[in-house]
Amino acid sequence: MASGAHAASLRERRQTLLARSDLTGRSFCRAYAAEADRWLAGLCKRATGDRRRAALLAVGGYGRGDLCPHSDLDLVLVHDGRGDVSALADAIWYPVWDEGVHVDHSVRRPKDVLTAASADLRVALGLLDARLIWGDPEVAGPLISAAQAQWRRKLSAVSIPALSAQMDERRGRHGDVAFLLEPELKEGHGGLRDARALHAMATGAPGLAGSVDLRAVDEATDTLLAVRVELHRTAGRALDRLVLQEQDQVAAALGYSDADALMAAVATAGRSIAWACTNAWVRRQRWEPARQRGIGSTARRRRAKAVADEPVQEAGVVMIDGEVTVDASFDATSDAPTDPSLPLRVAAVAAERSAPIAPDALRRLSDAPPPPNPWPEEARRALVRVLAQGHRAVDALEALDHDGLLVRLIPEWELVRNRPQRNAYHRFTVDRHLLEAAANAAALTDRVSRPDLLLVGCLLHDIGKGASGDHSDAGVALAASVGRRMGFADDDVVTLATLCRLHLLLPDTATRRDLEDPATVDAVAERVGDRETLRLLWALTEADALATGPAAWGPWKASLVAELVSRVEHALAGEPIDAERPVRSSERYGDLVAEVRSGGRPVVQVDPPRLVVAARDRRGLLAAVAGTLALHGLDVRSADVSTDTGVAVEVFVLDVTHPRPPDVERLRGDLNAVLAGDLDLSDRLEAKARAYAGARRPSAPHPVVPSVAIDVGASASSTVVEIRASDEIGLLYRVTRALFDCGLDVVSARVSTVGDAVVDAFYVRDDTGSKVTERALLERVEQAALEALR
């Protein structure tokens, strides 16, 4: 800072630093920490010129100089207890609070500081980075030394178990930095807190450096710290979750080509720290100081030895100290193993025994040549063995991937490795999504006659997301190429390509088309071709959806997909789908029809997840009901409409995650008011949308582009109007009102939400009850629907 800057407030100093685009990452943090030091020291000097008997310490992230723009100031005012320091404390804390800077502070005597550190892991960790800002070195120095000595003494018995529990708790709460759409940079697994925990353990156990590459951890920390600084800078507040809407700005500020490149760098850094954590814990017995090992450590060593003593019936694979490794005598004629199946057989043993793969084994295997083309049968069988272990396979395959072995085996994997999926529908990067989908599929192999094709098909179904164009189309050629290289027969390669091409067919059809329409079933049967492919697609659909995110699979979608599969199976077998005509809603709810005829007023019945409305038939009834449901905050999954001599019955399937059931009396009252013209839905829904606009955080950086597609061949009796748009309050009402204004009747609708987008399909007929085919009317419908979406 220039001369005279001592009078500047801390906020002004911070703002000056934020305005400098050349200060990023650790250089910004250190510059800001230095300015905070000078400002705080000035407060102390103005309060008292006497440095004796008191000291102000920076601890935690501030102590080590990792002070991001909106980080807390972690401070400890230490005194020897021989004087009143309350005035000094007030002279520090109140100006900090006035600055609007968050501060984590305490005032203690040295012995009280050590007592607190003994009882609280957070305090102990913070003191490892303690340094003097102002005051008496004779107060600060002995305390800092004593705190570090106490940490070393208690490392094994207390601190390591507590650190392990904290890391597990953080991972359960915040997930993995490497694989999430919106990673938590500080608290997530593989994040900044985990990196600091590794260094804290190394402080008391220097041998940890032999098991963990701390230099790689530091490089990864620099990456995450730089991202965190820019996230604070762009958001203008303390924000540690790298949310979608900030990713473009952060990427540009740090010089990445785009947000995908930024997220790939974050994933790589998160993987590096997480990998180091894994190695540290599984090899604890090697680096933990022997004098600190207690009974628990002895028990762990005995368990590890018991595992190591178990014979491994696998050529070239052994267990040593609880880790899977390569037998030193296997293939001893070469420095690197030449058996192409060995990496996958090592992974299979690791997955089967839930044991880690030794780093030395990974390094040795990474020097081996890639497998030949095609793979030997033993290598393909080994891959299926690994995948068949379900979620235990994920860690084993991640270990191979960390050392580049997965890309060596499947070069196409490089296209999806660390690749983000920048929409709220997906929770994982593409590569982790594929591993999770294959793990889910392992529990579904009893549905199919070829488990190997299911498992490998799941592993490859999104491989095209790293290529240009539609990922399903791009993935077909890639999946076929991988399948041939793996040595699958020609017919099996065709099946793998088909699984890639059609992996969205069942969920898209089930949620967007009328399953009782024979044209729907015939179209799916024609594309699938045979029952075994259908069953493979069914299992793939569920495994894929479960790996996508909580919004992608549930009882509603599962039941629709199962019903579609059942109908298509009957069609492929040449069997009748239904011996009898489907029961219409107006027949199923005949009592409601009778009640409307006798009373004249609409009848509402709730049978979760269904809500049934019966009312006098009139044009625009569906729009009126849809708008009323939106007014009550109810999300519609599907709608079916039928009539019986002047009475319409509309059956809605609602989102079952709604916190409470609808108030039937209020719903009926509002519907009566709408039908009588006493309640203006458009105005009320616009007001509701405005009221909720500020509370609804956008979860995607780019809005969904509204689109309308009209299909006259999807049904024998209706025209299908399919719309795609961002999810908004009252959208279903606006679209159905637009179709009504075009003179169309909506006979059924399928409503589905895909992340931030809704994809709705409406089966419509003209005012004569016929399919809409007239070109001019179709164009008018398309324009009206687009206007409604905008």
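Leaving aside its neighbours within four places in sequence, which residues is Glu722 in contact with? In this predicted model, the answer is Arg512, Arg513, Ser707, Val708, Ala709, Val759, Asp760 and Ala761. You can find Glu722 in strand S12, which covers residues 719-726. Its relative accessible area is 18%, and buried means under 20%, so Glu722 counts as buried. Look also at its side chain, which is joined to the side chain of Arg513 by a polar contact of 3.0 Å.

Now let's turn to a pair of helices. Helix H8 (residues 192-204) and helix H9 (residues 214-235) have axes that come within 10 Å and cross at roughly 145°. The crossing of H8 past H9 is left-handed. On the H8 side, the contact is made by Leu192, Ala195, Leu198, His199 and Ala202, while H9 brings Leu214, Val217, Asp218, Thr221, Leu224, Leu225 and Arg228.

Our last stop is the aromatic rings. Searching the whole structure turns up two aromatic pairs. One of them is Phe28 with Tyr32, a tilted pair with 5.9 Å from centre to centre and 45° between the planes. Phe28 and Tyr32 are four residues apart in helix H2 (residues 25-47), so about one helical turn separates them. Both Phe28 and Tyr32 are buried.

In the pair of Tyr94 and Trp97, the ring centres are 5.1 Å apart and the planes stand at 85°, which means the pair is edge-to-face. Tyr94 and Trp97 sit three residues apart in helix H4 (residues 86-98), about one turn of the helix. Tyr94 is partly exposed at 47% relative accessibility, and Trp97 is partly exposed with a relative accessible area of 41%.

Methods
Residues numbered from 1 in each chain as written. Predicted model: local features only at pLDDT ≥ 70, side-chain atom pairs only at ≥ 80, totals over all residues. Heavy atoms only, no water. Helix = DSSP H or I, 4+ residues; strand = E, 2+ residues; numbered from the N terminus. Buried < 20%, exposed > 50% of the residue type's maximum accessible area, 1.4 Å probe, protein only. Polar contact = N/O pair within 3.5 Å; in protein donor to acceptor, adjacent residues only side chain to side chain. Contact = heavy atoms within 4.5 Å. Axes fitted to C-alpha atoms, helices over the stretch in contact; angles between N-to-C directions. Left-handed = near helix turned anticlockwise from the far one by under 90°. Phe/Tyr/Trp six-rings, centres within 6.5 Å; stacked < 30°, edge-to-face > 60°.
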